[in-house]
Amino acid sequence: MTLKERQQEILQALKEKKSADVSDLAKALYVSEATIRRDLSEMKSMGLIERSHGRALLPENSDEISIFIRMEKNVTEKEKTATKALMHIPPFKSVYIDSSSTALALAQRIDLAFKTVVTNNLQTALLLAKKSDINLFILGGKVENNTNCASGSWTTHQLSDFSFDLMISSCATVQGSDAYERSMDQREIKREAFKRCKQHILVVDHTKFTESATYRLNSLTEYDLVVTDAPPPEPFDPTGINIIW
């Protein structure tokens, strides 16, 4: 098991129990306590967890999974989703790219030369800032250390100054025929951006159809196109949804 895989297992255990002893994690993952302590130290430095007297705890803002973990999770599925979406990008001059790791995978592939790009994702901004021919804007606001994106009411308010040809986004989960988010802040930012875009593409790998989240974002029927890497598991009903896999 790799370091990233262990970190995912540790996060999953903490999401179920909110806290865990080093010794219990070591037994569950079949590694030494020293290995777990090193893992936890790195995770704490990334803002993923907190430490207290030999225990690991989830921080208060743990609803959103770290961008670093999300970038490593289901990499193959995200790559396939991004590649498929690339073939269906309509002509555009301006685009909003959300804070998701799947949208980041697609942003790496699109020709954005001489386009206006707006994002609230620091990782996306850093990636695109290396290209001098992109008219790049990053939204300000409170930066969450576990997601590396700006969020909050100020971030949402800044979107009122824009109008976009295209929105490229993902979501935390798909439940029934609706997209959901794990945090209210992310829901509000994406909803505001959605209102200000002429066309909307949702990129979501098939594993999101089996997970759960709290805050409803949009109906999948509201997107111009939904792209995933494989057929969603039953009982998903694609009626009225423009979806490809």
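The model is a predicted one.

Begin with the sheet that contains β1. Three strands make up this open sheet, in the order β1-β3-β2, and their pairing is antiparallel. The edges are taken by β1 (19–21) and β2 (50–52), each of which has a single partner strand, so one side of each has no neighbour in the sheet. Direction ignored, neighbouring strands are turned against each other by 25 degrees on average. Between β2 and β3 (residues 55–57), which run antiparallel, there are three bridges. Within this pairing, Glu 50 lies opposite Leu 57 of β3.

Helix α2 (residues 22–29) packs on this sheet, where it touches β1 and β2, and its direction is at about 80 degrees to that of β1. Which residues of α2 are buried? They are Val 22, Leu 25, Ala 26 and Leu 29. Viewed down the axis of α2, these buried residues fall within an arc of 100 degrees, so they line one face of the helix. They pack against α1 (3–17), β1, α3 and β2. On the face of α2 turned away from the buried side are the exposed residues Lys 27 and Ala 28.

The residue that follows α2 is Tyr 30, which has a positive phi, near 60 degrees. Tyr 30 is not a glycine. Most residues other than glycine have a negative phi. Tyr 30 is placed in the loop between α2 and α3 (33–45). With a relative accessible area of 76%, Tyr 30 is exposed.

Phe 114 also has a positive phi, near 60 degrees, and is a residue other than glycine. Phe 114 is located in the loop between α6 (101–107) and β5 (116–119). Is Phe 114 buried or exposed? Its relative accessible area is 73%, and Phe 114 is exposed.

Helix α5 shows another buried face. This helix (residues 75–86) consists of twelve residues and reaches 16 Å from its first C-alpha to its last, close to the 16 Å expected at 1.5 Å a residue. Its buried residues are Lys 78, Thr 81, Ala 82 and Ala 85. Seen along the axis of α5, these residues fall within an arc of 95 degrees, so they line one face of the helix.

Another open sheet has three strands in the order β10-β11-β13, with antiparallel pairing. Here β10 (173–175) and β13 (215–219) are at the edges; each has a single partner strand, so one side of each is left without a neighbour in the sheet. From one strand to the next, the twist averages 40 degrees. Strands β10 and β11 (residues 178–181) run antiparallel and are joined by three bridges. The bridge partner of Thr 173 in β11 is Tyr 180. Helix α9 (residues 184–195) packs on this sheet and touches β11 and β13; its direction makes about 20 degrees with that of β13.

Next come the cysteines. How many disulfides does the structure hold? The number is zero. Cys 149 takes part in no disulfide, and the nearest cysteine sulfur, in Cys 171, is 15 Å away. A disulfide requires a pair of cysteine sulfur atoms within 2.5 Å. Cys 149 is buried, at a relative accessible area of 1%. For Cys 197, the closest cysteine sulfur is that of Cys 171, at 16 Å, which is too far for a bond. Cys 197 is buried, with a relative accessible area of 8%.

The last feature is a peptide bond. Most peptide bonds are trans. The bond from Glu 234 to Pro 235, however, is cis, with omega near 10 degrees. Where is Pro 235 placed? Pro 235 is in the loop between β14 (225–227) and β15 (243–244).

Technical notes: Residues are numbered from 1 along each chain as its sequence is written. This is a predicted model: local features need pLDDT of at least 70, side-chain atom pairs count only at pLDDT 80 or more; totals for chains, interfaces and linings use all residues. Side-chain values use heavy atoms; hydrogens and water are left out. Helices (H or I, at least four residues) and strands (E, at least two) are DSSP runs, numbered from the N terminus. The expected span of a helix is 1.5 Å times one less than its number of residues. Buried means under 20% relative accessible area, exposed over 50%, partly exposed in between (1.4 Å probe, protein chains only). The arc is that of the directions from the helix axis to the C-beta atoms. Two strands pair if DSSP finds at least two bridges between them. Axes are lines fitted to C-alpha atoms, for helices over the stretch in contact, and angles run from 0 to 180 degrees between N-to-C directions. Contact means heavy atoms within 4.5 Å.
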